[in-house]
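Q: Could you walk me through reading a few features of a model? Let us take one element at a time.

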Amino acid sequence: MKNNLSIWFIRLRWFAFLAQFIILVASVFFFQANVSWQKIGLILLIIPLSNLLTTQFLIKKFPAKKITTWLIFLDTIILSAILYLSGGPANPFTIVFLLHLVLTAVLLDERWTWIMALMTCASYAFLFFFSPENTSIHHNHHSSSNSFSLHLYGMLFAFMTVAILVAYFLNKIITELRGKELRLQKLEQLAVNSKRLASLVTITAGTAHELGTPLSTVAVVSKELELELRKLHLQPEILEDIHLIQQEISRCKEYLTSLSEKTGDLAGETPQSVLALDLINQVILPFKNSKNHFEINGPSEHILQSIPVKSLTIGIRALVKNALDASVDSPKRVVINHQIINNLNQIEIIDYGSGMNQETLELIGEPFFSTKNTEQGLGLGVYLAKLAIYQIGGELIYKSTQSKGTATIIKFPISF
């Protein structure tokens, strides 16, 4: 899949080769053009040879973008050579330079588009000053020739102007289109994630309801049983067993409550304002002990305006827990930085663990994907955190260096 772009572009080059070959044959045999058709034919053969070389060897070793870049620039050189041998800047097919510029803007990035714009302008200028046909015009002083030469000067200026404008506007348009496409993909992914979360909420609510009822019954019966056994003055060990049953029932209820909080419908939470420092302290409260060390940096008086405090707390807490699990220090060290950048709140959670490779970074946040074993987690923490952050118009970014650690960056608007 990653080389589909190269395959498509190679097919386009086959069509371009056939079209140029037909034009060459028509020019020589039908229009009696005085051109070096043998040299032009040899130059044209570079296109099919490079296609075969690419499909047989290069496409298996290099990424699609790099192959496409090489081929576009090779085609520009081939076009320049053909134009040099067939009329120079007076050849009407000089306009094909702009086609290469458009292809570069569509298939590559802004940097390569500007490089191609400069290359096409330089190629056209080279034809203007050094092609044999154009050199003879410069040395001819007849008025008609001077007029034609002036026309060519105008074409050179016009071409350079158009090339720069095409590069500029195409970059703007394509950047905007790609941005819209990316935003649309994010919205689609958010919709998919919301459906997944809704399914998870339904399952959790059903499970909590089904387990809650028998647990409540067991709790009532165990309490009554304890009262009856106390009346009989039985051995203390029996009463201790009853008390242990009641403790385990309470633990099960706590687990169900926690599960409901972590997968509940947090989107309907009423937004509130809270000090950023208070939110961070609330996040790390369950983890404060001698085994963990937190370093918190940021403005102490900054207020987070109108945010869903509960959902954001649960989301960030899952990320802090992951940072603690990844840390290899003793005590485990996690740095939490809060700052305002470009009118956005930014909370950065830094651990000093083993880091993650690029493949893991691409998968992080997918439901049920986890780098931990199944006893430590199901891979829903980051997924739910990301969803909570997206619901307030924010984003979650991971930056990681293997053997050095990971930075989890949360960005969201100052006011929700």
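A: Gladly. The buried residues of helix α13 are V382, Y383, L384, A385, K386, L387, A388 and I389. Buried means under 20% relative accessible area, exposed over 50% and partly exposed in between, with a 1.4 Å probe and protein chains only. This is a predicted model, where local features need pLDDT of at least 70, side-chain atom pairs count only at pLDDT 80 or more, and totals for chains, interfaces and linings use all residues. Residues are numbered from 1 along each chain as its sequence is written, and side-chain values use heavy atoms, with hydrogens and water left out.

Q: Which strands pair with β7?

A: Two strands pair if DSSP finds at least two bridges between them. Strand β5 (residues 344-351) is antiparallel to β7 over 8 bridges, with I349 opposite T408. Strand β6 (residues 395-401) also runs antiparallel to β7, through 7 bridges, and K399 has A407 as its bridge partner. In the β6 and β7 hairpin, 3 residues lie between the strands, and S403 takes a positive phi near 75 degrees.

Q: How many residues of β7 are buried?

A: Strand β7 (residues 405-413) is mostly covered, with 7 of its 9 residues buried.

How values were computed
Helices (H or I, at least four residues) and strands (E, at least two) are DSSP runs, numbered from the N terminus.
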